[in-house]
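The exercises below are meant to be worked through with the sequence and the 3D view open side by side. Try each task before reading its solution.

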Amino acid sequence: MKTGTFVVTEADPESAVLRDVSDGQIHTLGSNPDLEVGVAVEGTLAPEPPMDVVWTVEEIERQFTVSVEEHDEPPTQRARETAADQPVGEVTTHERAGTGEVHVLTVPEESTEGAVADVRDDEATVERAARLGVERVEIRSEPGVVSVRYLP
């Protein structure tokens with residue numbers, strides 16, 4: 001048995017493929033209990049005998065979708081100050097009050113739009129949100145600064 005948080009990477013009516021957001025391990029399900037690509041699942045999987053290479057869902061405690069959106073609002077003052085104090089290419093993580101966290105990336109000014117697109121389109125963004133147990137990711141930016149807010 002394996003209990004954890006997983007993201008559905010592939011799904012069809014007969015089966016689904018889940019990736020564990022903690023260790024990256026891939027689990028192929030022998031049947032699909034109505035899961036869709038992109039959904040995060042907190043639950044327990046069990047290997048199917050006799051070969052234990054296909055898995056079944058024993059229990060789903062929580063199932064949620066993570067939305068990743070760009071926001072028109074600029075990064076917060078704290079994010080701008082953090083970016084100003086770190087070299088280009090660095091990332092700083094701040095815990096949020098309550099649930100979630102904020103990642104502040106300092107990027108070359110001319111690469112800001114590309115960095116935003118990379119964060120928005122990266123599967124790791126959804127996996128990180130699922131690992132944190134949050135359902136929203138807000139990306140805020142201004143030239144040279146990208147703030148990624150993982151929010152409940």
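**Exercise 1.** Which residue of S3 does Val-17 stand opposite?

Solution. Keep in mind that this is a predicted model. Begin with the pairing of the strands: S2 and strand S3 (residues 26–29) run antiparallel and are joined by 4 bridges. Within this pairing, Val-17 is found opposite Thr-28 of S3.

**Exercise 2.** Find the bridge partner of Val-7 in S2.

Solution. Strand S1 (residues 2–11) pairs with S2 over 5 bridges in the antiparallel sense, and the two strands form a hairpin with 4 residues between them. The bridge partner of Val-7 in S2 is Arg-19.

**Exercise 3.** Explain why strand S2 (residues 16–20) is largely enclosed by the rest of the structure.

Solution. In a regular strand, side chains alternate between the two faces of the sheet. From S2, Ala-16, Leu-18 and Asp-20 point one way, whereas Val-17 and Arg-19 point the other way, and all are buried. Because 5 of the 5 residues of S2 are buried, the strand is largely enclosed by the rest of the structure.

**Exercise 4.** Which residues of helix H2 (residues 112–121) are buried, and what does their cover include?

Solution. The buried residues in H2 are Thr-112, Ala-115, Val-116, Ala-117 and Val-119. Their cover includes helix H3 (123–132) together with the strands S6 (67–70), S9 (136–142) and S10 (145–151).

Key:
Residues numbered from 1 in each chain as written. Predicted model: local features only at pLDDT ≥ 70, side-chain atom pairs only at ≥ 80, totals over all residues. Heavy atoms only, no water. Buried < 20%, exposed > 50% of the residue type's maximum accessible area, 1.4 Å probe, protein only. Contact = heavy atoms within 4.5 Å. Pairing = 2+ DSSP bridges.
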